[in-house]
Amino acid sequence: MRNPTLSMFGAIAVAMTLALAGCGGGDKPKPDGGKTTKDHDHAKDVKHAHKDDKKAGAGHGGSVIALGDGTFGPYKVKATRDEGEIKVGGDAAFDVWVDPAAVGAAPKVAAVRFWVGTEDAKGSVKARAEIEDPKDPTRWHVHAEVPDPIPAGAKLWVEIEDDKGTLTLASFDLKA
């Protein structure tokens, strides 16, 4: 005969494990020891087709808006977003090219995360980007959630993590 108390505790343990597992990568502490920010894995969270992405700089079947480029730490970084209105509470598609070779010998990129909002990511969701085309390993793509409300002066923030865990931060105006 089964012990009903043990069965109940087992069911509770399973339910708590599933509840804590959450979405994507789950809560991860920020490197500066601050509050946690949700870090989503784009590959697991967003399933979509990119029909026209083979063209350099093409968005999801349409035009893109160049957000700028520059050197950030040991990386040359360029950012674009799909044309159209950025809708509060929705998501926006971004592409960022992270080129370590353009600045000389730079560490290997291990992960790239994007968010829309303020530098501290308060009220934002960090989304882990992915390389969509292995033939273009410097191009990282993600759909980042747009916070509601969107903070004044919000930007696209790009966090580049190298293979040693060092973080480099870049930001771009969202431009309409």
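Predicted model: local features only at pLDDT ≥ 70, side-chain atom pairs only at ≥ 80, totals over all residues.

Colleague: Okay. Is Asp95 buried or exposed?

Modeller: Asp95 has 2% relative accessibility, so it counts as buried. The cut-off for buried is under 20%.

Colleague: And which side chain does Asp95 make a polar contact with?

Modeller: That's Arg139: the two side chains are joined by a polar contact of 3.2 Å.

Colleague: New topic, rings. How many aromatic pairs are there?

Modeller: The count is two aromatic pairs. One of them is Phe72 with Phe172, an edge-to-face pair with 5.7 Å from centre to centre and 65° between the planes.

Colleague: Why does that pair tie together parts that are apart in sequence?

Modeller: Because Phe72 lies in strand 3 (residues 64-72) while Phe172 lies in strand 11 (residues 167-173), the pair links parts that are 100 residues apart in sequence. Both Phe72 and Phe172 are buried, too.

Colleague: What about Trp115 and Trp157, how do they pair?

Modeller: Those two are stacked, with 6.4 Å centre to centre and 15° between the planes. Trp115 belongs to strand 6 (residues 109-117) and Trp157 to strand 10 (residues 155-162), so this pair ties together parts 42 residues apart in sequence.

Colleague: Are Trp115 and Trp157 buried or exposed?

Modeller: Trp115 counts as buried at 1% relative accessibility. Trp157 counts as buried as well, at 10%.

Colleague: Which residue lies over the face of Trp115?

Modeller: Lys126 does, at 4.6 Å from the ring centre. There's also Lys78, which sits over the face of Trp97 at 4.3 Å from the ring centre.

Colleague: What does Thr168 touch, leaving out residues up to four places away in sequence?

Modeller: Thr168 touches Phe72, Gly73, Pro74 and Tyr75, plus Val158, Glu159 and Ile160.

Colleague: And how many residues apart along the chain are Thr168 and Pro74?

Modeller: They're 94 residues apart along the chain, with 8.3 Å between their C-alpha atoms.

Definitions and conventions
Residues numbered from 1 in each chain as written. Heavy atoms only, no water. Phe/Tyr/Trp six-rings, centres within 6.5 Å; stacked < 30°, edge-to-face > 60°. Helix = DSSP H or I, 4+ residues; strand = E, 2+ residues; numbered from the N terminus. Buried < 20%, exposed > 50% of the residue type's maximum accessible area, 1.4 Å probe, protein only. Lys NZ or Arg CZ within 6 Å of the ring centre and 35° of its normal. Contact = heavy atoms within 4.5 Å. Polar contact = N/O pair within 3.5 Å; in protein donor to acceptor, adjacent residues only side chain to side chain.
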